[in-house]
Amino acid sequence: DFAGDSWRYGGAFIPLSTLAIVNAGLSAGVSVSEKLSFGFGIVAFAGISTAVDIDTSTYPFAYSSDETSTDTGVLAGGLWSVSDAWAIGASYRSGADFRFDNGSRATLPDILAVGARWRSAGGNGTVALEIERLDGLEKRTRLHVGGEWVVLSTKPLIGLRAGLWHDPKGGIVGFDQGYEPLEDEGLVHVSAGIGIAFKKFQIDVGADFSDRTTISSISGIFTF
């Protein structure tokens, strides 16, 4: 949620505030037994608000200024391997609260998730289902389903991934005549990615696509 202002010019609404969020984290995992493992981490957030000021008495009539707010969060999770085929997991990630001197505020929600995973007998195919609950200024439940096919005959191993998830609240898509925000009822996301696993290092690249946004990510894992 980001309480940005807007201004109407020539029949169109112009956003007076934009927000960019950058985060970096550090995490670690430990195996308690062959069937049970836990992970923990910490995340540092930086929210960058760009405010646009309007002054129609001068030209140019708009100029912008940036302001940064920071916050930290934690994450934790556990995985129980019930059998060779089935596993059950749960995770928690705290959000962030950015407050700016210009009066704007932006938040990232706390997220609690539970899920299950099924793996084929040969180990090539995996299908996972996850339900997550977002708790913040807006509360909602989201459903995720995804799959992966690993090419075991190659070295390094290559994993091909695809997924689908639904967000019951699609976000603000415009403003009505009374300057009140209009929110989309829901949004379907499609994702795709690839992972390459070496003996001690793994790199993952993915992208999330919807009618409103495209989000890409890259991550790496080093095993000691």
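This is a predicted model: local features need pLDDT of at least 70, side-chain atom pairs count only at pLDDT 80 or more; totals for chains, interfaces and linings use all residues.
Residues are numbered from 1 along each chain as its sequence is written, and side-chain values use heavy atoms, without hydrogens and water. Local features need pLDDT of at least 70 and side-chain atom pairs pLDDT 80 or more, whereas totals for chains, interfaces and linings use all residues.

View 1. His189 lies in strand S15, residues 187-197 (strands are DSSP runs of E, at least two residues, numbered from the N terminus). His189 counts as buried because its relative accessibility is 6% (buried means under 20% relative accessible area, with a 1.4 Å probe and protein chains only). The side chains of His189 and Asp208 form a polar contact of 2.7 Å (a pair of N or O atoms within 3.5 Å; within protein, one must be able to donate a hydrogen and the other to accept it, and residues adjacent in sequence count only if both atoms are side-chain atoms). Beyond neighbours within four places in sequence, the contacts of His189 include Trp165, Asp167 and Phe209 (heavy atoms within 4.5 Å).

View 2. Arg142 is part of strand S11, residues 140-151. With 13% relative accessibility, Arg142 is buried.

**View 3. Strands lining the second largest pocket.** Strands S4 (36-54), S5 (62-81) and S9 (110-119) each supply at least two residues of this lining. Among the lining residues are Glu34, Lys35, Asp84, Arg117 and Arg119. The lining comprises 2 nonpolar, 5 polar and 5 charged residues (Ala, Val, Leu, Ile, Met, Phe, Trp, Tyr, Cys and Pro count as nonpolar, Asp, Glu, Lys and Arg as charged, and the others, Gly among them, as polar). A pocket is an open set of points on a 1 Å grid over the protein atoms alone where a 1.4 Å probe fits, with protein on both sides within 12 Å along at least five of seven lines; lining residues have an atom within 4 Å of a point.

Note on methods
Helices (H or I, at least four residues) and strands (E, at least two) are DSSP runs, numbered from the N terminus. Buried means under 20% relative accessible area, exposed over 50%, partly exposed in between (1.4 Å probe, protein chains only).
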